[in-house]
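Thanks for coming. Please have the structure open.

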Amino acid sequence: MMWRKSILYLIVFTSGAVVLALEIVAGRFLQVKFGSTIHVWGNLIAVFLAGLSLGYYLGGHLSDRHASFTRFGLLLLLSAALVGSLPLYAFSVREMVFQRLGMERVETIGPLLASLGLFFLPTIVLGTVSPYAVRLVADDPARLGRQVGSLYAFSTVGSIVGALGTTFYLIAMLDTPTQFYLFGAIQALLALTALGWGILVAEPSGARSPSPTGER
Amino acid sequence: MKVRWLLVAAILAAGPWAQAYEVLFEAESPYHHIRVTEEEGFRYLSFDETRGTQSAMKLSDPTFLYYTYTRLAFAGLAFVGEPKDALFVGLGGASMPKFFRRHYPEANMDIAEIDPVIVEVAKKRFEFAEDPRTRVYVKDGRVFLTKIDKQYDLIVLDAYNTSSIPFHLTTKEFMEEVRRRLKPTGVVVANIWSPDLNQYFEAEIKTMQVTFPELYIFPGLSSGNYIFVATNQPGQIQRYVLVERAKEIMREKKFHFDLADLVKSTYQYATKRPCRAEVLTDNRAPVETMRSQKAM
């Protein structure tokens with residue numbers, strides 16, 4: 001079904017964009033307080049990668065239990081809430097971490113603590129998107145490899161768009177809180193799309209999971 | 001035919017020796033590609049691939065200020081008088097700190113430099129040294145400023161020179177922190193490099209206009225550097241007053257250049273200068289983009 005697959009590709013592409021966009025905005029956000037040292041980027045990238053890995057793992061597990069568009073939509077909604085709510089507490093967390101650390105450690109440990117406190121959870125949930133989509137798209141074991149590959153390729157191309165779009169446009173056009181709200185809104189739209197499909201098409205849960213021998 | 005090839009070979013072989021300058025040191029730090037070269041009695045510090053140099057030192061006189069803008073930066077002294085506590089954000093080749101140390105031996109000088117390799121290079125190649133009253137902190141300038149519990153008579157911001165400006169050192173919130181670290185009669189001197197007048201330049205002016213009661217701009221003319229001086233106290237100080245003070249300082253300290261003349265020829269009172277730009281804030285300071293936009 002073309003629509004079904006297209007929605008999954010769209011979701012994966014857009015989430016991929018949001019991950020990178022969020023990372024770049026997060027870097028600038030941390031730089032304000034913790035400086036333009038290499039520690040900001042090093043820690044941020046490490047936290048994002050850790051979050052994504054954990055997300056991949058959890059997303060895979062969750063999708064094996066019960067793969068459905070509705071649940072996918074709920075996961076996406078969670079990511080929307082985590083990212084979109086950042087402006088409500090990110091500034092105070094950043095300030096608190098900065099205040100609590102002395103000059104000796106604020107540059108090295110500050111970015112790590114702030115990144116963990118603010119961006120670890122959102123990236124975990126964002127990381128569940130791709131493996132969950134894989135489970136939903138897979139309908140033919142003979143073509144599993146290329147389906148997974150295509151999804152991940154789309155996700156990564158989305159990341160490119162997110163990175164370049166943020167650097168060349170978003171940073172100049174919007175302020176930081178608006179950027180976080182925007183990313184949350186985008187994830188929410190993806191969530192509504194998945195939820196809509198899940199409810200309207202009313203797929204029975206786990207219906208599309210292929211049996212090991214390829215029989216339906 | 002053979003002669004022509006021999007000639008070409010000879011020219012190519014002579015290439016390395018045909019260069020008038022010598023590369024003394026080259027290294028990759030986490031922040032810059034650093035190069036130290038020497039040519040005709042001067043030692044230069046350059047960053048990255050750009051041909052422009054960050055700093056120049058006269059070998060026969062390490063405290064000699066070569067670039068006009070470094071001399072102009074000391075116009076700040078005419079506002080402050082005898083500074084007891086000074087802060088330099090950004091070390092570079094240490095031209096200004098060395099000059100300052102020579103003429104103000106009793107003053108306390110803190111320097112915040114983010115790149116430890118720059119500090120090493122300044123000490124090993126540019127005759128810079130710490131002493132009981134000179135202390136270098138390998139820290140980001142804003143982190144240092146917000147964490148240190150000190151007030152200064154003079155704060156020199158010289159971290160804007162490189163091709164990429166750290167945006168968090170350009171914003172209203174940062175300037176407010178700077179103001180908080182100034183003594184009541186203190187001033188901040190910022191070296192803003194702007195070879196073409198762009199939207200960032202205008203925005204920086206606007207940002208400092210809203211944070212400080214008074215702003216003065218001293219253009220460095222040929223180099224594209226502009227020295228911004230902002231005071232903690234309201235009340236315009238007239239050109240002739242500054243020139244007189246500069247003359248006194250020159251006489252007393254015996255500077256190698258004419259500070260009074262520089263002040264006289266470049267003084268611009270910028271507190272009320274019309275500015276069609278938005279204030280730079282921590283949440284929105286797209287300085288890189290603004291730099292490529294023409295000033296409105």
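Chain A has 7 helices and 0 strands, where helices are DSSP runs of H or I of at least four residues, strands are runs of E of at least two, and both are numbered from the N terminus. From the N terminus on, the order is α-α-α-α-α-α-α. The radius of gyration of chain A is 18 Å, close to the 17 Å that the globule rule gives for 216 residues, so chain A is as compact as a globular protein of that length. That radius is taken over C-alpha atoms, and the rule is 2.2 Å times the number of residues to the power 0.38. Along the principal axes, the C-alpha atoms of chain A fill a box of roughly 65 × 30 × 25 Å.

A word on provenance. This is a predicted model, in which local features need pLDDT of at least 70, side-chain atom pairs count only at pLDDT 80 or more, and totals for chains, interfaces and linings use all residues. Residues are numbered from 1 along each chain as its sequence is written, while chains are lettered from A and ligands numbered from 1 in the order in which they are written.

On confidence: pLDDT is the predictor's confidence in each residue, from 0 to 100. Chain A averages 92, and 93% of its residues score at least 70. Where does pLDDT stay under 50 in chain A? That is residues 207-216, for which the model has 10 contacts beyond four places in sequence. A contact here means that two C-beta atoms, placed from the backbone, lie within 7 Å.

Now the interface. In it, 15 residues of chain A are in contact with 14 residues of chain B. Helix 1 (2-34), helix 6 (144-173) and helix 7 (176-201) of chain A each supply at least two residues to the side that touches chain B. Helix 1 of chain A gives the most, with 3 residues.

Last, helix 10 of chain B, residues 259-266. Its buried residues are B:Leu259, B:Ala260, B:Leu262 and B:Val263. Buried means that 20 or more other C-beta atoms, placed from the backbone, lie within 10 Å of the residue's own. Seen down the axis of helix 10 of chain B, these residues fall within an arc of 165 degrees, so they line one face of the helix. The arc is that of the directions from the helix axis to the C-beta atoms. What do they pack against? Helix 2 (68-73), helix 3 (76-80) and helix 9 (239-253) of chain B.

Notes: Buried ≥ 20, exposed ≤ 12 C-beta atoms within 10 Å, placed from the backbone.
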